[in-house]
Amino acid sequence: MRTSTRTLLAAALVLGVAAGPALGPAVAAQPAATARPARDADLAKTMAAAIAGLPRADATAALVRVGGTAGTWRGSSGVRDLESGAPADPAARFRAGSVTKVFTAATVLRLVAERRIGLDRPARAYLPDLIPARYGGVTVRQLLNHTHGIPAPDFPGETVEEWYEHRFDVHTPEELVRSATAKPREFRPGTRQHYLNIGYTIAGLIVERVTGDSYERQVERRILRPLGLEDTYLPGGAAGITGPYNHGYQTMRFGDGTTGLRDVSVWGTSDAWAAGDLVSTTADLERFTRALFAGRVVRGPLLEEMFTLPEVTDLKTGAPAAYSVGLSMKRLGGREVWGKTGGRWGYNAAIGSTRDGSRTLVYSVNSTDAKGQDTNPTALRVMVAAYGLPD
């Protein structure tokens with residue numbers, strides 16, 4: 001886990017708010033962090049300190065829930081939007097980004113349990129019209145643990161400002177797969193790991209092919225409804241967030257050459273689909289996390305797939321693989337913490353837990369650079385407060 005080196009620059013900016021032209025000053029009232037009493041006084045103190053003082057350069061709001069036998073805490077800080085300065089809504093929905101992958105992996109594993117999908121079967125066996133022969137050896141398991149070797153598809157633009165101009169573009173999953181598989185493979189399947197969305201896009205299409213149903217309805221039927229996740233939904237690429245939400249902002253350059261914050265709450269998600277378009281709340285994600293780690297979402301030996309790292313190295317860094325089927329693992333405070341982070345413009349989110357469920361963590365941080373290379377400073381403080389420093 002890396003600390004951000006960009007926050008000093010961000011703090012020096014004179015931040016403006018824009019949704020097109022600038023809408024006014026970005027400096028809003030800073031409500032204090034609010035929280036319910038915790039059983040662990042030290043936890044309450046450290047978590048409240050981690051999110052105090054918002055909005056600031058790196059984030060405008062934060063929602064946090066800590067659970068498990070080691071202590072509980074609920075807190076929020078920051079503002080709902082920079083125009084009104086109203087306090088952040090702790091029950092608000094947000095874009096969960098790649099946390100979606102956990103739901104997709106769990107749905108696939110449930111279909112594996114029903115013998116409708118085989119983890120070691122080639123993806124091409126399910127999608128022969130879409131997966132070319134050059135990728136004929138890629139298995140379903142390799143799609144889910146990022147060892148498939150399929151490169152990312154092409155998207156227009158190279159900067160956040162250019163991507164913003166294309167925020168309402170609609171991409172079909174089939175289009176994304178064709179773009180990716182038209183390229184040479186990055187490595188022989190099963191020999192390296194490279195974290196990309198494309199494996200989960202293909203997995204979502206396999207879910208649809210074997211069930212004859214939409215990916216969205218399958219996730220809803222198999223996970224959302226049984227767990228009572230009433231504030232969680234898959235937008236299918238819709239640009240807006242249904243229901244109450246805290247606005248997301250991104251640091252950008254404006255047409256007049258100045259730099260400031262733009263409201264990016266409304267942004268299409270068809271580029272991510274089964275890899276990253278989930279909308280949820282901290283309460284729903286906490287319920288999901290508890291159920292997942294207790295074996296009530298994926299059962300028996302298949303649950304171990306989510307806690308098994310492939311014995312390969314990362315394509316870019318050469319470090320040991322950090323991603324399993326659906327989850328990732330970090331060592332924090334001398335122990336393994338399993339979970340998943342996610343980022344969509346204006347929003348960083350995460351779920352995490354120790355394997356025994358003694359400490360769970362869910363957060364949403366309205367990051368002003370949610371797709372940056374470094375971990376958001378507020379999110380990093382929250383993770384360290386919950387679990388301790390990285391080993």
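Q: Which residue in the turn of the hairpin formed by E12 and E13 has a positive phi?
A: This is a predicted model, in which local features need pLDDT of at least 70 and side-chain atom pairs count only at pLDDT 80 or more, while totals for chains, interfaces and linings use all residues. Residues are numbered from 1 along each chain as its sequence is written, and side-chain values use heavy atoms, with hydrogens and water left out. Strands (E, at least two residues) and helices (H or I, at least four) are DSSP runs numbered from the N terminus. E12 and E13 form a hairpin with two residues between them, and the turn residue with a positive phi, of about 60 degrees, is glycine 333.

Q: Which residue of E13 stands opposite serine 328?
A: Strands pair if DSSP finds at least two bridges between them, and five bridges join E12 (residues 328-332) to E13 (residues 335-344), the two strands running antiparallel. Across this pairing, the residue in E13 that stands opposite serine 328 is glycine 339.

Q: Are the rings of tyrosine 195 and tyrosine 323 stacked or edge-to-face?
A: The structure holds eight aromatic pairs, a pair being two rings of Phe, Tyr or Trp (its six-membered ring) with centres within 6.5 Å, and planes under 30 degrees apart count as stacked, over 60 as edge-to-face and the rest as tilted. The rings of tyrosine 195 and tyrosine 323 have centres 4.5 Å apart and planes at 25 degrees, so this pair is stacked.

Q: How many residues apart in sequence are the parts that the pair of tyrosine 195 and tyrosine 323 ties together?
A: Tyrosine 195 is partly exposed at 23% relative accessibility, and tyrosine 323 is also partly exposed, with a relative accessible area of 23%; here buried means under 20% relative accessible area, exposed over 50% and partly exposed in between (1.4 Å probe, protein chains only). Tyrosine 195 lies in the loop between strand E7 (192-193) and helix H7 (198-211), and tyrosine 323 in the loop between strand E11 (313-314) and E12, so the separation of the parts that they tie together is 128 residues.

Q: Which side chain makes a polar contact of 2.6 Å with that of histidine 194?
A: Histidine 194 lies in the loop between E7 and H7 and is buried, with a relative accessible area of 11%. Beyond its neighbours within four places in sequence, histidine 194 is in contact (heavy atoms within 4.5 Å) with His146, Glu186, Phe187, Leu315 and Lys316. A polar contact is a pair of N or O atoms within 3.5 Å; within protein, one must be able to donate a hydrogen and the other to accept it, and residues adjacent in sequence count only if both atoms are side-chain atoms. The side chain joined to that of histidine 194 at 2.6 Å belongs to glutamate 186.

Q: How many of the eleven residues of H11 are buried?
A: Valine 382 lies in H11 (residues 377-387) and is buried, with a relative accessible area of 0%. Leaving aside neighbours within four places in sequence, valine 382 is in contact with Met47, Ala50, Ile51, Val64, Leu361 and Tyr363. H11 is largely enclosed by the rest of the structure, because its count of buried residues is nine.

Q: Which residue caps the N-terminal end of H11?
A: The buried residues of H11 include Pro377, Thr378 and Tyr387, and the helix is followed by glycine 388, whose phi is positive, near 105 degrees. At the N-terminal end, a side-chain oxygen lies 2.9 Å from the backbone nitrogen of threonine 378, and the capping residue that supplies this oxygen is asparagine 376.
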